[in-house]
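Please look over the notes below with the model open beside them.

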Amino acid sequence: MILTILILLGIGLALYSCVTHGLCFLVGVLLAVGYTLALILVFLLLVALLSVFIRIDRPADRRTRFYHWLMTNIVEVGMFLLRVRMNVTGREKIPRDTRFLLVCNHRTIFDPVLTMAELSEFTLAFISKKENFKIPIVNKLMHMCFCLPLDRNDNRAAVRTINEAVELLDDNVVSMGIYPEGATNKTEEPLMPFRNGAFKIAQKAKVPIVVCVIENTEKILKNFPWQPTTVNLKVLEVLPYDSEHRGTRDVSEHVWPLMYHELVKTYPGDGTPHQHAEPPAPEGQAE
């Protein structure tokens, strides 16, 4: 929405300049590009200014969706600048009458923001590694969008994060997204082993699990600026909440092959699948 407005304003200013000064078509095109980029810069500066007033030591306002709307528009501007095209398939499978846990593979920092923006109608937040909450401006927007930090080296902190995610789902604030691989996959393999504890959120909140894969986000910076990048976000399956409380390992053993067989088409790796899930965590620790 904001991107469209900025482009139209840029074109309008260029047309006004051409008419009033009698400029040629080529100059008008260059002016339109220049005005649009200048307006985008002003928009981003206003976002940075707004972030000064956000305090991450206070809970986000659950009554407003303003920051989700703002995040979506920021991502759309970023996609425009980086020449990213999104191709989403299976959107119709996502439940609209209940909150859910979205699980996906993870290849770059672009994954969560692109997914949040493309599925903005579902008001989605992600559990992200705590290091991302140290990035200026980004950390404040993430906080206001109900994203949660995860300390992978602290089991107690991980349990607290899981409980916070369950509370947000129970209170119908947002749907949650998480990457069961537990880290960014920087290998050539399609999918890394899962941390089974990621599925505890759905189990505790009694919500369905939306299984997705995302492809080609690792090409965005490689392709820029010479060629566009098409990122594929595919919704593979929705697992309803199992009233018999099927264990997290059982869910993992179902979801991992489903995602692997889809991703291996794009990331063949060495052709030898990893073990689909890690051993159960010791008693009393987060899986």
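**Notes on packing, backbone and cavities**

1. The crossing of H1 and H2 is right-handed; a crossing is left-handed if the near helix is turned anticlockwise from the far one by less than a right angle, and right-handed if clockwise. Helices (H or I, at least four residues) and strands (E, at least two) are DSSP runs, numbered from the N terminus. This is a predicted model, in which local features need pLDDT of at least 70 and side-chain atom pairs count only at pLDDT 80 or more, while totals for chains, interfaces and linings use all residues. Residues are numbered from 1 along each chain as its sequence is written, and side-chain values use heavy atoms, with hydrogens and water left out.

2. Helix H1 covers residues 2–21 and helix H2 residues 25–51; their axes come within 8 Å and cross at roughly 140°. That angle makes H1 oblique to H2. Axes are lines fitted to C-alpha atoms, for helices over the stretch in contact, and angles run from 0 to 180 degrees between N-to-C directions. Angles under 35 degrees count as roughly parallel, over 145 as roughly antiparallel, 65 to 115 as roughly perpendicular and the rest as oblique.

3. Which residues of H2 does H1 meet? They are Gly28, Leu31, Ala32, Tyr35, Thr36, Leu39, Ile40 and Phe43, and the H1 side includes Leu6, Gly10 and Ser17. Contact means heavy atoms within 4.5 Å.

4. Ile2, Leu3 and Ile7 in H1 meet Trp69, Asn73, Glu76, Val77 and Phe80 in H3. By class, these residues divide into 6 nonpolar, 1 polar and 1 charged.

5. Between H3 and H4 the angle is about 115°, and the axes lie 9 Å apart. Their crossing is left-handed. Among the residues in contact are His68, Met71 and Thr72 of H3, and Met116 and Ala117 of H4.

6. Two backbone details deserve a look. Phe224 and Pro225 are joined by a cis peptide bond, with omega about 0°, and Pro225 is found in the loop between helix H8 (220–223) and strand E7 (229–239). Thr123, although not a glycine, has a positive phi of about 50°; its place is the loop between H4 and strand E3 (124–129).

7. The model has 2 cavities of 30 Å³ or more. On a 1 Å grid over the protein atoms alone, a cavity is a set of points where a 1.4 Å probe fits but cannot get out, and lining residues have an atom within 4 Å of a point. Grid points are joined across faces, edges and corners, and a volume is the space filled by probe spheres set on the points.

8. The largest cavity has a volume of about 150 Å³. Of its 13 lining residues, Ile209, Tyr241, Asp242, Arg246 and Val251 are the closest to its centre. Helix H7 (200–205) and helix H9 (248–263) are the elements that give two or more residues to the lining.

9. The second largest cavity holds about 40 Å³. Its lining includes His68, Met116 and Thr123, and H3 gives the most, with 3 residues. By class, the lining has 4 nonpolar, 4 polar and no charged residues.

Note on methods
On a 1 Å grid over the protein atoms alone, a cavity is a set of points where a 1.4 Å probe fits but cannot get out, and a pocket is an open set with protein on both sides within 12 Å along at least five of seven lines; lining residues have an atom within 4 Å of a point. Ala, Val, Leu, Ile, Met, Phe, Trp, Tyr, Cys and Pro count as nonpolar, Asp, Glu, Lys and Arg as charged, and the others, Gly among them, as polar.
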